Amino acid sequence: MKVKEILTGKKGEKLFLLGNEAAVRGALEGGVSVVSTYPGTPSSEIGNVFYKIAREAGVYFEFSSNEKVALEVSAAAAAAGLRSFVFMKHVGLNVAADSFMSTVYTGVRGGMIVLSADDPSMHSSQNEQDNRIMARLAGIPLLEPSNPQEVKDLMKFGFDLSEQFKIPVLIRTTTRISHMRGVVNLGTVTQGKEKGYFKKDPSQFIVTPAYVVRMRKELIEKLQQIEKKSESSPLNKIIDKGGNEIGIITSGSAFNYVMDVVSENNLKVKILKLAFSHPFPEKLVLDFINNVDNILVVEEVEPVMEKEVLAIIGKYNIKKKVYGKLDGTLPRIYEYNPDIVSIGMEKIVEKALIKRKKLSTKLPLPLRSSILCPGCPHRPTYFALKKAIKKLKLKEEEIIYSTDIGCYALGLEPPYNMGDYCISMGSSLGIGCGFSKATNQKVISFIGDSTFFHAGIPPLINAVHNKDKILLVVMDNRITGMTGGQTNPGIPLDGMGNPAPEVSIEKIALGVGAGLVKTIDPVDLKETEEVFKEALQFEGVAVVITKHPCAMITDAENREKGISIKYTINQEKCTKCLICVKNFTCPAIYIEKDGSVNINPLLCDGCGVCFQVCPKKVIEVKK
Amino acid sequence: MSEESDRGEKMSMKNIYRIQFIGVGGQGTIKASTIVGEAAMKKGLNVVMSEVHGMAQRGGTVVTELKIGEAHSPLIEEGAADLLIAFEPTEALRSLNKINCNSFVIVNSAPIVPFTVSLGISEYPELSSVFDELKAKIKNLSIIDAQKIAKEAGSIISENMVLLGAAVAAPEFPVDKDLVIQSIKENLPPHSTEINLRAFERGFEEVKN
């Protein structure tokens with residue numbers, strides 16, 4: 001399949017789509033006009049597809065500077081009567097939370113969908129928060145798809161629901177839905193309106209106490225109305241496999257595991273699948289509970305529905321057992337899979353469920369930690385900084401490395417070990433400010449270009465104003481790298497590939513009054529080391545911007561131009577000092593079984609930094 | 001194994017065919033499995049697949065799981081894979097928990113040694129012992145030098161197509177070869193189709209014979 005087919009595919013055709021791709025198609029079928037995001041795994045591919053097709057689709061799309069801005073862009077579009085779609089990873093909703101909560105109060109005019117891609121088991125995230133709780137906190141209707149087809153269909157349903165009740169709608173996916181591929185039956189793409197018109201009404205869009213007191217009441221009334229909708233929605237359905245001893249209530253990915261275990265084992269159970277799960281359909285669930293002997297709730301991550309079910313049981317004084325996370329039938333943490341659900345269900349079905357003999361090995365397996373790519377400009381940055389620290393005879397234990405969210409966080413791995421603290425987007429600098437005040441240790445903060453624009457500017461202002469002593473290294477690799485390579489405000493391209501003004505990190509740093517500001521190309525090791533030496537001795541806020549394109553960009557450019565430079569090690573002259581392997585650690589350089597050092601031409605990106613690293617200069621361009 | 005579980009296993013294998021691909025970031029495992037999935041869809045079969053994106057792609061292990069048939073979840077139950085395609089020898093060992101002694105297993109013999117081994121913080125076992133271990137545990141095993149075959153076919157990058165060809169040659173593979181070829185043509189850049197198809201055919205022959 002070509003990406004373009006997500007737009008051009010006709011009604012009735014089938015595509016094998018990723019959950020994230022299905023979300024794009026659903027938005028297009030729903031007549032979306034404005035789409036905004038800040039990239040974050042597992043939601044990123046939604047943006048990557050819009051980047052490629054938005055212009056042709058006649059949709060406005062942007063990579064906003066952060067999730068809060070993205071949410072505001074979509075909220076305004078919906079207030080102006082357009083259909084809008086904002087998506088982010090689960091923790092992105094924390095960044096957007098302030099405006100998210102208020103937008104639920106103000107409501108919308110055009111349909112607005114907020115998609116949160118949660119990450120159970122934390123495949124690429126800092127926590128395992130369950131944004132179904134966020135839905136309850138905000139008072140927003142919640143939809144939970146179980147596969148790509150449902151992702152697409154719920155997008156369209158969500159727009160209609162949002163418009164009917166003038167409230168944004170939250171769709172919660174998880175990694176296993178966002179990154180699940182499945183057969184999707186296409187519907188018709190609807191062209192959204194190009195421009196809306198904002199009809200003024202301060203009493204609806206200004207959240208002063210004078211107005212929000214009324215809005216709060218309206219919100220609760222809306223939710224009561226919407227609950228009637230969720231009670232009768234065909235999205236919430238009962239699958240009757242016969243028998244009424246056990247009723248299973250489930251949603252999202254967990255539903256898939258339940259279905260596979262039930263059909264494989266021929267279990268006689270009733271299943272209530274909730275895709276429209278907030279406001280919780282109390283009467284529907286009550287009816288279901290009344291028709292079974294015991295209840296099992298299967299859900300990822302928190303016991304959200306389980307507590308709702310317990311509340312219903314308490315409210316109606318029902319004497320039935322509820323199995324789930326709270327009684328230990330199923331695990332409290334991490335994502336589920338068919339095996340975990342099978343083990344849980346076996347505890348209550350009084351029947352041995354199918355278990356297969358699996359194989360195992362006692363051989364040691366090599367550790368495949370994530371590592372900076374060959375040719376990555378962050379590696380020479382860390383290498384030069386390490387050398388500068390050594391030359392100035394600074395003690396490693398006296399330096400606090402406050403790092404941030406992005407590829408460069410991999411600097412915490414050996415041999416660099418330059419990562420001591422990292423909690424959230426932009427935290428490197430705020431945490432740095434705190435350490436600067438609380439200790440006499442040297443503080444070095446690392447942040448990427450995209451993360452700097454996202455949440456690095458307010459703490460930089462804080463550092464300057466409060467006279468902190470920090471070396472801030474802005475690792476500007478000209479892309480939002482970790483999430484797969486999206487544009488950001490520092491790049492002369494916008495979210496649709498159109499030319500756009502390039503925002504200068506250097507000018508921002510100078511503008512807010514940082515004492516020392518230098519921009520260097522980290523691939524020049526000698527110069528980089530000198531600049532770091534100066535910055536390390538600076539008393540105040542020093543900002544060093546290491547500017548060099550991500551290897552993903554240079555590799556793609558070289559491929560296009562047909563340039564292929566590979567380096568090799570002159571075996572006769574190599575003294576096997578191993579500095580390139582042990583201190584620089586490019587994944588392309590390895591030790592052969594016979595002890596010789598070699599460069600894997602498949603991995604070598606031709607950056608040539610290893611030539612500078614080699615003390616004997618025996619690394620040369622391969623002919 | 002109890003009688004009941006034995007029977008259950010055979011039954012489920014009739015309805016659902018489970019394939020796991022495992023490799024290292026950058027080897028093209030996701031592309032290869034997507035091609036299989038699309039081909040299955042073309043045949044009119046239901047298919048679900050799980051893939052890995054994000055941090056793991058930077059040199060880490062990449063796993064994709066496919067279920068062809070009436071399955072809801074793409075995640076393969078322990079010991080249930082009908083077919084395992086390992087793009088790297090030690091990655092085959094990492095997937096042992098997903099297969100049983102009757103699974104069909106294809107292993108690329110070309111190793112990828114991670115930097116952790118050079119740094120001395122982990123160990124890469126002797127290749128011969130890896131192969132001995134695989135041979136001892138797996139009845140239906142096919143070890144092929146996909147890297148060499150890809151080179152001969154015209155480009156080392158087509159390694160994933162060699163392994164895809166090998167997979168299609170597995171007994172009971174539920175999707176027709178022609179549909180897989182059609183799907184390759186639709187998924188990969190036209191200028192590389194010739195090399196990719198050559199690599200695919202060579203991989204297919206390697207297992208078929």
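**Entry 1. Chain B**

I looked up the secondary structure of chain B and found nine helices and six strands. In this notebook, helices (H or I, at least four residues) and strands (E, at least two) are DSSP runs, numbered from the N terminus. I note that the model is predicted: local features need pLDDT of at least 70, side-chain atom pairs count only at pLDDT 80 or more, and totals for chains, interfaces and linings use all residues. Residues are numbered from 1 along each chain as its sequence is written, while chains are lettered from A and ligands numbered from 1 in the order in which they are written.

I then looked at the overall form of chain B. Its radius of gyration is 17 Å, close to the 17 Å that the globule rule gives for 209 residues, so chain B is as compact as a globular protein of that length. The radius is taken over C-alpha atoms, and the globule rule is 2.2 Å times the number of residues to the power 0.38. The C-alpha trace of chain B spans about 45 × 40 × 35 Å along its principal axes.

I recorded that 56% of the 209 residues of chain B count as buried. Buried means that 20 or more other C-beta atoms lie within 10 Å of the residue's own, exposed that 12 or fewer do, and partly exposed covers the range in between; C-beta atoms are placed from the backbone. Of the contacts in chain B with a separation of 6 or more, 67% are between residues 24 or more positions apart. A contact requires that the C-beta atoms of two residues, placed from the backbone, lie within 7 Å.

**Entry 2. Where chain A meets chain B**

I found 50 residues from chain A and 62 residues from chain B in the contact. On the side of chain A that touches chain B, the elements supplying at least two residues each include β1 (14-18), β8 (180-185) and α14 (338-349). The most comes from α11(A), with five residues. By class, this side of chain A has 26 nonpolar, twelve polar and twelve charged residues. Ala, Val, Leu, Ile, Met, Phe, Trp, Tyr, Cys and Pro count as nonpolar, Asp, Glu, Lys and Arg as charged, and the others, Gly among them, as polar.

I also checked strand pairing, for which DSSP must find at least two bridges between two strands. β8(A) pairs with strand β2 (residues 47-50) of chain B in the antiparallel sense, over three bridges. Gly182(A) stands opposite Val48(B) of β2(B).

**Entry 3. Backbone exceptions in chain A**

Most residues other than glycine have a negative phi, and most peptide bonds are trans. I looked up the exceptions below.

- His278(A) and Pro279(A) are joined by a cis peptide bond with omega about 0 degrees; Pro279(A) is in the loop between β12 (276-278) and α12 (282-290) of chain A.
- Pro414(A) and Pro415(A) are joined by a cis peptide bond with omega about 5 degrees; Pro415(A) lies in the loop between β15 (399-402) and α16 (427-438) of chain A.
- Lys467(A), not a glycine, has a positive phi of about 55 degrees. Lys467(A) counts as exposed because it has 12 C-beta neighbours inside 10 Å.
- Arg478(A) has a positive phi near 65 degrees and is placed in the loop between β17 and α18 (505-512) of chain A. Arg478(A) counts as buried because it has 21 C-beta neighbours inside 10 Å.
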